[in-house]
Amino acid sequence: LIFWGTGDPSFLYKEVFDNNRVFSFLKSSPHSLYFSDHNFQTTNFGSGWAWDDYNDYYSAERSPFPIYGNILSLKSIEKKIKVEPPYFKSYFKVETSEEKAKVIRKLETNEFVFHPNFSEREFKTDVPFKVAPELTASLLTDTLNKMVRVVRKPLPKDARILYSAPVDSLYKVMMQESDNFIAEQLLLMCSQALSDTLQPEIAIRYVKKNFLQDLKDEPHWVDGSGLSRYNLFTPRSIVHLWKKIYERVPRERLFSLLATGGKAGTIKNWYYGKEPYIFGKTGSLSNNHCLSGYLVTKKGKTLIFAFMNNNFTTSVNDIRRNMENILRSVYEKY
């Protein structure tokens with residue numbers, strides 16, 4: 001049995017619902033298993049990503065068949081260290097430190113150093129691992145308890161697709177928690193559906209031509225997550241996109257997937273109201289903070305807004321407070 005990835009990020013990813021359909025299919029197959037990454041025609045990192053973010057959870061690598069979200073987890077409780085998945089435990093060494101506890105991976109290899117601070121009773125962190133076809137096969141071998149080998153075979157036109165988790169379980173985490181990994185992989189999945197090739201540029205070209213031709217400001221778009229500083233969208237474009245989504249997706253479903261002021265996601269500690277009045281999506285890089293989406297006013301009107309703050313040197317919380325004051329004022333007056 002030769003299998004290829006569609007870019008689906010849900011496989012054994014702790015952040016999303018997993019119905020084990022793919023796991024059970026591979027586990028129960030009576031055939032020898034071979035994994036091919038031949039349809040993955042892009043790089044693990046996006047164009048313009050900051051190279052020194054490689055060690056941070058929000059910069060997990062792109063891949064054709066993600067497993068565990070392409071991250072590992074380390075937890076230390078009273079000097080007892082646990083690594084998930086356990087496969088990576090042998091890749092760790094411990095070096096004591098008087099500073100704050102941290103895990104550092106070498107740039108190009110899966111060699112990890114844990115610097116504990118045992119004065120802290122508990123420490124946990126997520127770190128991306130370096131993805132390769134051979135590692136994917138080894139991780140699958142370890143978790144399935146059956147051998148998986150790598151083979152370089154093109155994806156045939158008559159290959160069958162095995163569907164896994166309901167898509168809203170991915171959308172919800174992506175939109176509420178600003179999960180860059182899911183965003184990147186969904187863009188790859190779109191390219192797979194269009195061309196049988198995992199390459200983000202394919203999906204970007206198609207969407208710009210078929211869905212974004214009416215934007216007044218042509219976007220410069222290079223990745224799925226927005227991690228790249230090369231991405232350039234205007235607030236007017238963002239508002240127009242939210243309008244398109246509002247017209248296509250039922251409101252009840254749409255609002256349930258979004259970060260919600262005072263209630264869920266990245267704005268659960270901001271924009272409080274007796275009833276939630278902000279539904280949207282944040283975007284943050286160092287010295288940049290954005291929020292856009294829907295504002296439901298006191299009188300029941302639904303407004304679309306986009307806030308973009310860039311190149312600031314003050315605290316991001318100062319920016320959030322000013323945004324909250326303005327949006328609260330709109331909520332009260334309209």
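Which side chain meets that of Arg62 in a salt bridge? I put this to the predicted model as my opening entry, and I found that the partner of Arg62 is Glu184, with 3.4 Å from N to O. Since Arg62 sits in the loop between S2 and S3 while Glu184 belongs to helix H4 (residues 180–195), the pair ties together parts that are 122 residues apart in sequence. I also looked up the accessibility of the two and noted that Arg62 and Glu184 are both buried.

Next I turned to Lys130. I saw that Lys130 forms a salt bridge with Glu108, the closest N and O atoms being 3.7 Å apart. Here Lys130 lies in the loop between S8 and H2, and Glu108 in the loop between strand S6 (102–105) and strand S7 (112–115), 22 residues apart. Are these two residues buried or exposed? I recorded Lys130 as buried because its relative accessibility is 16%, under the 20% cut-off, whereas Glu108 is exposed, with a relative accessible area of 55%.

I then noted that Lys130 has a salt bridge with Glu61 too, where the closest N and O atoms are 3.4 Å apart. Glu61 is in the loop between strand S2 (33–36) and S3, 69 residues from Lys130. The count of salt bridges comes to 19.

My last entry concerns the second largest pocket, which holds about 170 Å³ of space. I listed its lining residues, among them Lys14, Ser73, Leu74 and Asp126, and found that they divide into one nonpolar, two polar and six charged. Strands S3 (71–77), S4 (80–84) and S8 (122–128) each supply at least two residues of this lining.

Methods: Residues are numbered from 1 along each chain as its sequence is written. This is a predicted model: local features need pLDDT of at least 70, side-chain atom pairs count only at pLDDT 80 or more; totals for chains, interfaces and linings use all residues. Side-chain values use heavy atoms; hydrogens and water are left out. On a 1 Å grid over the protein atoms alone, a cavity is a set of points where a 1.4 Å probe fits but cannot get out, and a pocket is an open set with protein on both sides within 12 Å along at least five of seven lines; lining residues have an atom within 4 Å of a point. Grid points are joined across faces, edges and corners, and a volume is the space filled by probe spheres set on the points. Helices (H or I, at least four residues) and strands (E, at least two) are DSSP runs, numbered from the N terminus. Ala, Val, Leu, Ile, Met, Phe, Trp, Tyr, Cys and Pro count as nonpolar, Asp, Glu, Lys and Arg as charged, and the others, Gly among them, as polar. A salt bridge is a side-chain nitrogen of Lys or Arg within 4 Å of a carboxyl oxygen of Asp or Glu. Buried means under 20% relative accessible area, exposed over 50%, partly exposed in between (1.4 Å probe, protein chains only).
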